[in-house]
Amino acid sequence: MNEWIKLSHDVQEALDAGKPVVALESTIITHGMPYPENIDTAMSVERIIREEGAVPATIAIMHGEIRVGLSEEELRELADAEDVEKVSRRDLPVVLAKRAYGSTTVAATMICAEMAGIDVFVTGGIGGVHRMGEATMDISADLEELAQTNVAVVCAGAKSILDIGLTMEYLETKGVPVIGYQTSRFPAFYYEDSGYDVSAAVSTPEEAARILKQKKVMGLAGGTVIGNPVPSESALHKEWVEERITEALAEAAQDGIKGKETTPYLLDKLKEVSDGKTLTTNIALVENNAKNGAKIAVALAALSN
């Protein structure tokens, strides 16, 4: 590995032995959730992945290095750090050169996971085309990364605040497989059914793994989206969510919020008006993604050995 990327002992050992490893982003710790839910969820997700037989690899930028696999001490250091930068592709060299703290988005985590040789990445929800994106061109770098970086992303679909129809069109144009895990419909983060069909559905981790292996051996560039719906008991009602998003978007426009500040602003507003219900749902879906993502990673490692 290069001097600016450092794998933890557990992650390096697992990769050397062909054992399953699951990459995890770090923006959920620094920007996605408040304290103490952020660190509690990070620890819980790592525990779930280990229970399913895989090794968790949370990724962040610390002390001039890309760290792949954080200790509990490092997780807490990141959670307590001030002025942590939210890092996407364009920010990686800047934050590394500055030796600043950086938490990785979906796009940056995919890049770092591929560098480390990790095939499966678990997150909450991917970014996408924002509502009115056809006019603003506000499109998440996550989508471009999915078009070129060879990592499978297990998620609860695209965030509900986005234009999911345009996001699906974009992924289709870029040739990104969108697989439904035990569903034929693409999930919408807070609720189970966005109203849009996936390009393929699988019933088991082994089915998903076979598709991922087939894509890899064919040398087809780009990632794969695996949509894993939020558990029914934790899902929010679609109509209620859509009404709250419409209200939050109007407030964002009034407050002059745009660009990368839009997503955290809208998520904070939803948490506020839901009395914390969206945060509870967010935690449930991330943990569910960790469980099923780890199962897929285990199945993929079994096929590869």
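Modeller: Start with phenylalanine 189, which is buried, with a relative accessible area of 2%. Buried means under 20% relative accessible area, exposed over 50%, and partly exposed in between, using a 1.4 Å probe and protein chains only. Tyrosine 190 is buried too, at 3%.

A word on the source. This is a predicted model, where local features need pLDDT of at least 70, side-chain atom pairs count only at pLDDT 80 or more, and totals for chains, interfaces and linings use all residues. Residues are numbered from 1 along each chain as its sequence is written, and side-chain values use heavy atoms, with hydrogens and water left out.

Back to the rings. A search of the whole structure finds one aromatic pair. The ring centres of phenylalanine 189 and tyrosine 190 are 4.8 Å apart and their planes lie at 70 degrees, so the pair is edge-to-face. Rings of Phe, Tyr and Trp (its six-membered ring) pair if their centres lie within 6.5 Å; planes under 30 degrees apart are stacked, over 60 edge-to-face, and the rest tilted.

Now strand 3, residues 55-62. Eight of its eight residues are buried. Helices (H or I, at least four residues) and strands (E, at least two) are DSSP runs, numbered from the N terminus. In a regular strand, side chains alternate between the two faces of the sheet. In strand 3, Val55, Ala57, Ile59 and Ile61 are buried on one side. Pro56, Thr58, Ala60 and Met62 are buried on the other.

Next, the neighbours of strand 3. Two strands pair if DSSP finds at least two bridges between them. Four bridges join strand 2 (residues 21-24) to strand 3, and the two run parallel. There, valine 21 has valine 55 as its bridge partner. Four bridges also join strand 3 to strand 4 (residues 65-68), this time antiparallel. Isoleucine 59 stands opposite valine 68 in strand 4. Strands 3 and 4 form a hairpin with two residues between them. Histidine 63, in the turn, has a positive phi of about 55 degrees. Strand 6 (residues 102-104) is joined to strand 3 by two bridges and runs antiparallel to it. Isoleucine 61 faces glycine 102 of strand 6.
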